[in-house]
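Colleague: Please give me a close look at one packing site. Then go on to other parts.

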Amino acid sequence: MSVDFLHPGEGPAIDTNVSALEMRGIGKRFPGVVALDNVDFTLEPGKIHALMGENGAGKSTLIKIMAGVYGKDAGTVRMRGREVDIKSPRDSLKEGIKVVFQEIALISEFTVAENIFLEGYPIGRTGSIDWKKIRADSAALFNRIGFNVDPAARTGSLPVSQQQMVEIARALAHEARVVVMDEPTSSLTPNEVALLFTVIRRLASLGIAVVYVSHKLDEVFEIADTVTVLRDGRHISTKPIGEHTNDTLIQDMIGRRIDNLFPRQRGAAGSKVALSVEKLSTAKKLIDVSFEAHAGEVLGFFGLMGAGRTELAKAIVGYDPIISGTIMVDGRRLAPHDTRTGVRLGIGLLTEDRKSEGLMGELPVYQNASLASLGGFARLGFVDKAKEHQAVQDYVDRFRIKTPSLFQQIKNLSGGNQQKVLISRWLMRGLKVIVVDEPTRGIDVGAKSEIFALIDRLAGEGLAVVMMTSEMPELLGLADRIAVMCEGRLTAVMSREEATQEKILNAAIG
Amino acid sequence: MSLASTASAKDQPSLLARLFARQELALLVCLILVLAFFSATVENFFSVRNMTNVLGQASLALTAGIGCAIVFISGEVDISIGSLLATIALPLIIIMNDTNSLLLGVSGALLFGLIIGVVNGYLVAYAGINSLIVTLGTMFIMRGGVYLYTGQRAIPDDASLDSFIALSDGRLFNIIPYSAVIAIVLLAAFGYMMQHRPFGRQIYAVGGNQEVARLAGYDVRRVKFICFIISALLATVAGIILAARVGSAQHTAGLNFEFQVVAATVLGGVSLAGGIGSLTGMALGVLILQFLSNGLRGLGLPTEWQLVITGMIIIAAVAFDEAKRRRANGG
């Protein structure tokens, strides 16, 4: 009684009268935290159920319990009316629960085809792996879902977005009753998102229960039948999507009204040029990019996937090599072209990829914050710990960074708070220009508005903020001026007043 | 509707580059170069006698190297194999001297090897202790234990069973040493397992990304546990052959053997980080080093120089590999 996406219609029809999955009174504690408290969550076959909530609301914990990654402390789980005991990922897979996690869960050295069948290799009569079937079936599967990738390619050589699609495809290769997708669109292009939605609807039409975890309201309104909101580990509401508006959904998620996501406090931007980039080109992407950023302004860069925003961000702070062009920070040339000089001149990058390029996850909050300015705390070549801690504490207070102590490992903080620590790292150093790349990626609504307020404040304090973003509301809400990129070129620069979504998109398409 | 941008034609590397991307092929070319060089410079190097002799000498490292490579691929290390070689000779020789039975001796040795594998595997996989530390520890414990038991003297093989002696100097069809035959059969069997049996792929998956393997429903601890048992049992087989060769159990047997095996395995492109490499690569690594050492001796170069050259080759090979990988990843 399940659906094999490879051979639809071969199994008996799914009984739509019994819930696919019913979780009752689920509780889970971690040392010092109640992650889930008496949570109910029920999935109906053939329905797309959005699971929403801020970071720390308990979404991840709930789906990890479904996946068998965590055990539950209380409650019961029933699959189609039968109580099940899921103790490991293996148990969960056996019950037909497929979870596509946000982090890519593929073996990068394996071929795409092998990854598709990682959870269960087709076995020939002798007990050996049937490689022919693996290749043929994955090709057939890709064909069915309209996914154009070479099954023989080494997975690690694919761009992240395609790897994510491979993972989604994998969820369909075996019999599935419940498919869970955790923020599946975070690194997909608009085309891929459209394809993903088609696939999700197809899954639902085959009777599979789909859980869709996302921060993106517009996506949820587009795809979901039902929405469950969690907050602080508690179940807040479960409603048909039709009964929700943007406002009610946000209200459920954060427990208060957000009247304005983009509270502008700062005054008008100055006219002093803080960053001037002229005819910048890189080997891989950028072609003749020229612009200026002024002290006290937020200059927003918009572009579709692959437009070159991240490349630009990395090039102007001295991180990636350039082949021609000049970069002037506060009137002084960034030469030699390296991050050391960049930081000395006062330009820093808040990276898009916090985990691998920003955070030192195992290290405590204070060391993450003070990393770029240890020289400032040094006395006779030794770091003055007291001074260092005091400086970090100042920022923790100023930015209301939620951490149990300065000594907490930063990986245990929420995404929003991690981001604040990283911003502190650069401010402590005394920057003139800060480049922020997708500052709210993987950060939920409530924390987002805090990051926005922080960016607003940075500009208010006289920094030039160069913000790379793919989110239109963020761009229009925060930027004083908007620059648009397309395939490595700058295609338009406009003031906030003259900008419209249409103008921006037109320039982004080129 | 389709997802655009699979690699376009211009991104395809040239045929030569792709051939070289196959680790094993590059190693094979190196092996051929080594053979060609010494055939031209050393008299009698390229003779059936010398070739099969070297193969026989290589069989110890080939056999134990299978286990070493498998443990590497699972993302761990096992450096206890050299001491294990010396240790299992004790039950082997003692039982054979008492019973005059090769079968009982070998069974005793394998049982002992199994116990060591279980201990290593349990401590790494279930107790969660770093495998370098665990096997460093068992390496010292076993070496010390053998010394405590034997003292300076060796325990000679008094039984002198024909079947046991054949392991050292017998040859299949009077050409290929039995020890080499054993190594080749084991290589083929385990090579097949690594590429075509689900368990072999699980080892690659665990070494490639432990968390992903766990999410895919694999029992990561069990996989690692078994890898250590495989390694210990294969080292036991190598130890039996060594004991047949030296005709005794002695505390210096297999001294530094683990490092020769590790060197050859790394040269063969098996990554210490796990998930990468093949038994074919390991075998080519063993052969390259063995023929190199044989040829250098033929040129009259002292052993000290062989060590220096081996060291340089290993670093160069791994550096080359790293550079290649970096280029492949476009960084």
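**A helix pair in chain B**

Modeller: Helices α12 (residues 257-267) and α13 (residues 279-298) of chain B pack at about 115°, their axes 7 Å apart. Axes are lines fitted to C-alpha atoms, for helices over the stretch in contact; angles run from 0 to 180 degrees between N-to-C directions. Helices (H or I, at least four residues) and strands (E, at least two) are DSSP runs, numbered from the N terminus.

The model is predicted: local features need pLDDT of at least 70, side-chain atom pairs 80 or more, while totals for chains, interfaces and linings use all residues. Residues count from 1 along each chain as its sequence is written, chains are lettered from A and ligands numbered from 1 in the order written.

From α12(B), the contact (C-beta atoms, placed from the backbone, within 7 Å) takes Ala263(B), Ala264(B), Thr265(B) and Leu267(B). From α13(B) come Met282(B), Gly285(B), Val286(B), Ile288(B) and Leu289(B). Seven of these contact residues are nonpolar, two polar and none charged; Gly counts as polar.

Now the chain contact. 18 residues of chain B touch 26 of chain A. On the chain B side, α9 (198-208) and α10 (210-215) give two or more residues each. The largest share, four residues, is from α9(B). This side has eight nonpolar, seven polar and three charged residues.

Chain A holds an open six-stranded sheet, ordered β6-β7-β8-β3-β9-β10, with mixed pairing (at least two DSSP bridges between two strands). Its edges are β6 (97-100) and β10 (234-240) of chain A. Neighbouring strands are turned by 15° on average, direction ignored.

Methods. Contact = placed C-beta atoms within 7 Å.
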